[in-house]
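Dear colleague,

Please find below the structure that I am handing over to you. My notes on its aromatic rings and its pocket follow.

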Amino acid sequence: MATINVVNVAQKAKLNWFQRLYFYAIARGLWITIKHFFKAAFLKGAVTIEYPEKKRKYSSRFRGMHSMKRDELGRERCTSCFCCMWVCPADAIYIEAGQVTPNIQHLHPEDKFAKKFEIDLLRCIFCGLCEEACPKGAIYLDGPGEMAADNREDLILTKERMMEKIGGPIIGERT
């Protein structure tokens, strides 16, 4: 195995006296810094945005946040089939099933419902596989995309936070 001699590499480069003092590199870096400073301070070309007042523009390919839909009668569509949980490559979905009793009116007439439905947004990769896997059309990635939070608990979506009040597309229809 051949080794490269450091002295030979330095001799091939042949730096002149100005480059050996690194003034050129320092001046170039300082010029970039000054240019950004004047652009941000005086020309209002700031790179950052004022978050609560101004919202970020998202790409047209952004899917959005998770939302759960209800049917035309206002009942929850999720039947706790666990398809979205099994298909999630990031293991970000947790579902706990509960039995439907006849006195609960906001649920579908099937035998079980999602007593606990959580999506960990810190694990989620927003791939959309949960939306494709849902046989009832209960989960969609079409909600608002605001993910600012102060703590980890705010980045765990619960069923109550995702649930739409009423409506949504018809069960077999995809948007």
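This is a predicted model: local features need pLDDT of at least 70, side-chain atom pairs count only at pLDDT 80 or more; totals for chains, interfaces and linings use all residues.

I begin with the aromatic rings. A pair of such rings is described by the distance between the centres and the angle between the planes. Searching the whole structure gives four aromatic pairs. One of them joins F37 and F42, whose ring centres are 6.2 Å apart and whose planes stand at 85 degrees, an edge-to-face arrangement. F37 is partly exposed because its relative accessibility is 49%, whereas F42 is exposed at 56% relative accessible area.

Another pair consists of F82 and W86: the centres lie 5.9 Å apart and the planes meet at 35 degrees, so this pair is tilted. F82 has a relative accessibility of 17% and therefore counts as buried, since the limit for that class is under 20%.

The volume of the largest pocket is about 150 Å³. Which residues line the largest pocket? They are M65, H66, S67, G143, P144, E146, L157, R161 and M162. Sorted by class, this lining comprises four nonpolar, three polar and two charged residues. Both β1 (65-68) and α6 (159-162) contribute at least two residues to the lining, and β1 gives the most, with three.

Yours sincerely,
A colleague

How values were computed:
Residues are numbered from 1 along each chain as its sequence is written. Side-chain values use heavy atoms; hydrogens and water are left out. Rings of Phe, Tyr and Trp (its six-membered ring) pair if their centres lie within 6.5 Å; planes under 30 degrees apart count as stacked, over 60 as edge-to-face and the rest as tilted. Buried means under 20% relative accessible area, exposed over 50%, partly exposed in between (1.4 Å probe, protein chains only). On a 1 Å grid over the protein atoms alone, a cavity is a set of points where a 1.4 Å probe fits but cannot get out, and a pocket is an open set with protein on both sides within 12 Å along at least five of seven lines; lining residues have an atom within 4 Å of a point. Grid points are joined across faces, edges and corners, and a volume is the space filled by probe spheres set on the points. Helices (H or I, at least four residues) and strands (E, at least two) are DSSP runs, numbered from the N terminus. Ala, Val, Leu, Ile, Met, Phe, Trp, Tyr, Cys and Pro count as nonpolar, Asp, Glu, Lys and Arg as charged, and the others, Gly among them, as polar.
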